Amino acid sequence: MDFALTEDQRAFFDTARDFADKELAPNAAQWDAEAIFPVETMRRAAELGFAGIYVRDDVGGSGLSRLDAALIFEALSMGCTSTAAYISIHNMASWMIDTFGSDEQRQKWLPRLTSMDLIASYCLTEPGAGSDAASLKTKAVRDGNHYVINGAKAFISGSGTSDIYVCMIRTGDEGAGGVSCIVVEKGTPGLSFGAIEKKMGWNSQPTAAVIFEDCRVPVSNLIGAEGDGFKIAMKGLDGGRLNIGACSIGTAQTALDAAMAYAKDRNQFGKAIASFQATQFKLADMETELEAARLLLRQAATKLDQKMPDATKHCAMAKRLATDTGFNVVNQALQIHGGYGYLKDYQMERHLRDVRVHQILEGTNEIMRVIISREMLKD
């Protein structure tokens, strides 16, 4: 069991960390306060290969592994959690086209997606279908060479700004087997968007409903075969869960580093609070739990890369642990800052708001427990 990173992996992490320090961190507070979607900054990230991390290189992708991606997203989230998470969503949508699309579809969309000339959104959740994704109601009816789509998707990151919407839509009977994956392009007649949601965190990316009203989409935009959509969605979520877990770990590491610096500088009762055992024990637990989550996540990424039969279970375990631990570590870092941690002048409250949603999206942590226990008990 070799836990050491390769020279290339250290370089990927360092490059992403440098970008995060120079391009993301100095702007993150403003993006959050003013709800700015930093498209041009993300395009500069794409120039480093971060918009097609595990897309094949013939269409401009980096062709890297899931472990490489986890390192990159951990580093990017140290600059801006919300923006790093959106880049992950874009990567997931692009990967679905690259993995399950035809060569014609790959050549049509991916060169512009890997440069982020086009921006992608992933559309699964509906107002009445969240954790029970197989119950989605948005429907596509075949009409000659087109599908006519009616319904709506909820909580879609990038809605209204994105150019490409990779959508899970019902083309057949009820249940998972009736779901297909269809790409809908911005500007398609019948496609519209809801009002931008006012959120607790993740404010550097817009979130809104995607609405289909007799939306006519060419049948050639079907990814894979009819009925493959749920399988595609679930395979995509394995990697998405690793990325969002990595974003939690990176954010928590930033918060822990800030808490340690603050504890050394903050004096109470005539000495730095870092000298009190209560603070030292808190920091020790934060470090230990964060490192345990990091190791599990990297193991899960390796299993996914190797297509191990227990990869899905480990991705669920890693997501659950990383996002719960990430939130807890940030919360403790805020506590160490005391009243100052509650102020917007410091970064702690933004970190806390941004990581909280990670316990909900890409499958709630309750659903992660369902996946884990089902895999444990199925034999």
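Where does E362 lie?

1. E362 lies in the loop between α9 (348–356) and α10 (365–377); helices here are DSSP runs of H or I with at least four residues, strands are runs of E with at least two, and both are numbered from the N terminus. This is a predicted model, in which local features need pLDDT of at least 70 and side-chain atom pairs count only at pLDDT 80 or more, while totals for chains, interfaces and linings use all residues. Residues are numbered from 1 along each chain as its sequence is written, and side-chain values use heavy atoms, with hydrogens and water left out.

2. A backbone point for you: E362 has a positive phi of about 60° although it is not a glycine. Most residues other than glycine have a negative phi. E362 counts as buried, because its relative accessibility is 12% (buried means under 20% relative accessible area, exposed over 50%, and partly exposed in between, with a 1.4 Å probe and protein chains only).

3. A35 also has a positive phi, near 50°, and is a residue other than glycine. Its place is the loop between α1 and α2. With a relative accessible area of 55%, A35 is exposed.

4. Now to the rings: the structure holds 5 aromatic pairs. Rings of Phe, Tyr and Trp (its six-membered ring) pair if their centres lie within 6.5 Å; planes under 30 degrees apart count as stacked, over 60 as edge-to-face and the rest as tilted. One of the pairs is F37 with Y86, which is edge-to-face, at 5.0 Å centre to centre and 85° between the planes. This pair links distant parts of the chain, 49 residues apart: F37 is in the loop between α1 (7–34) and α2 (39–47), and Y86 is in helix α4 (residues 81–100). F37 counts as buried at 16% relative accessibility, and Y86 counts as buried at 0%.

5. Another pair to look at is Y340 with Y346, which is tilted, with 5.6 Å centre to centre and 45° between the planes. Y340 is partly exposed, with a relative accessible area of 36%. Y346 likewise counts as partly exposed, at 32% relative accessibility.

6. Finally, some charges over rings (NZ of Lys or CZ of Arg within 6 Å of the ring centre and within 35 degrees of the ring normal). The charged end of R66 sits over the ring of Y54, at 3.8 Å from the ring's centre. R356 lies over the face of F327, 5.8 Å from the ring centre.
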